[in-house]
Amino acid sequence: MNKKIVIGQVKSAHGLKGQFKIQTYTEEPSNIFKYGAVLIGEKHLGVILNKHKSIKNGFLVSCEQIKTRTDVEKIIKENIYIYSNQLPKINTKENIYYHDLMGLKVIDKNKNVIGKVISVSNYGSSDIIEIDLKEKKEKLLIPFNKNCVDDIDTKNSFIKVKNIEGYME
């Protein structure tokens with residue numbers, strides 16, 4: 001399935017000729033220009049971003065589809081997307097894209113389903129998996145590391161966890 005991946009956001013207009021400021025969510029900020037055509041919101045498809053200069057927290061850009069400040073004002077706060085097939089291929093045994101974890105079943109060592117992954121976040125110290133618990137109307141946060149994640153099987157749609165008893169209380 002070819003999912004849309006958020007890689008940035010339009011922050012504000014700059015000048016009168018359709019330039020705008022963007023914030024990137026890519027690991028290396030300038031990678032936002034390496035993916036080729038992007039989508040801005042739901043209306044602007046096949047957009048090639050032209051970088052004018054780096055600015056604090058992002059870039060000043062323009063594109064063919066957006067020519068005036070009025071056009072820019074319509075896309076402020078819109079997300080910038082690519083399709084998952086535009087991402088570089090990675091060795092899935094060693095690395096995984098976080099979007100590939102969304103919706104995977106979470107099972108324990110006895111293969112009991114305890115919930116499903118609803119997000120992966122990083123609040124500064126390490127990555128955290130958020131699990132929507134099957135039996136409760138609660139969510140569980142566990143570290144995304146080798147102490148808690150035993151196996152990831154995207155083909156069979158599950159993550160096997162371990163040592164999470166203390167997080168379940």
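Modeller: Contact here means heavy atoms within 4.5 Å. This is a predicted model, in which local features need pLDDT of at least 70 and side-chain atom pairs count only at pLDDT 80 or more, while totals for chains, interfaces and linings use all residues. Residues are numbered from 1 along each chain as its sequence is written, and side-chain values use heavy atoms, with hydrogens and water left out.

Not counting residues up to four places away in sequence, Ile 22 touches Gln 9, Val 10, Lys 11, Ile 32, Leu 49, Asn 57, Gly 58, Phe 59, Val 61 and Ile 80. A nonpolar core is a set of buried Ala, Val, Leu, Ile, Met, Phe, Trp, Tyr and Cys residues joined through side-chain atoms within 4.5 Å, where buried means under 20% relative accessible area with a 1.4 Å probe, protein chains only. The largest such core has 21 residues, and Ile 22 is among those with the most contacts inside it, together with Ile 7, Phe 20, Ile 40, Leu 49 and Ile 80. Two or more residues each come from strands S1 (4–14), S2 (19–24), S3 (38–40), S6 (58–62) and S7 (79–83); strands are DSSP runs of E, at least two residues, numbered from the N terminus. S1 gives the largest share, four residues. Another core, of 17 residues, lies apart from this one and includes Leu 101, Leu 140, Phe 144 and Cys 148.

As for the setting, buried residues make up 37% of the 169 residues in the protein chain. Its C-alpha trace spans about 60 × 30 × 25 Å along the principal axes.

Methods
Buried means under 20% relative accessible area, exposed over 50%, partly exposed in between (1.4 Å probe, protein chains only).
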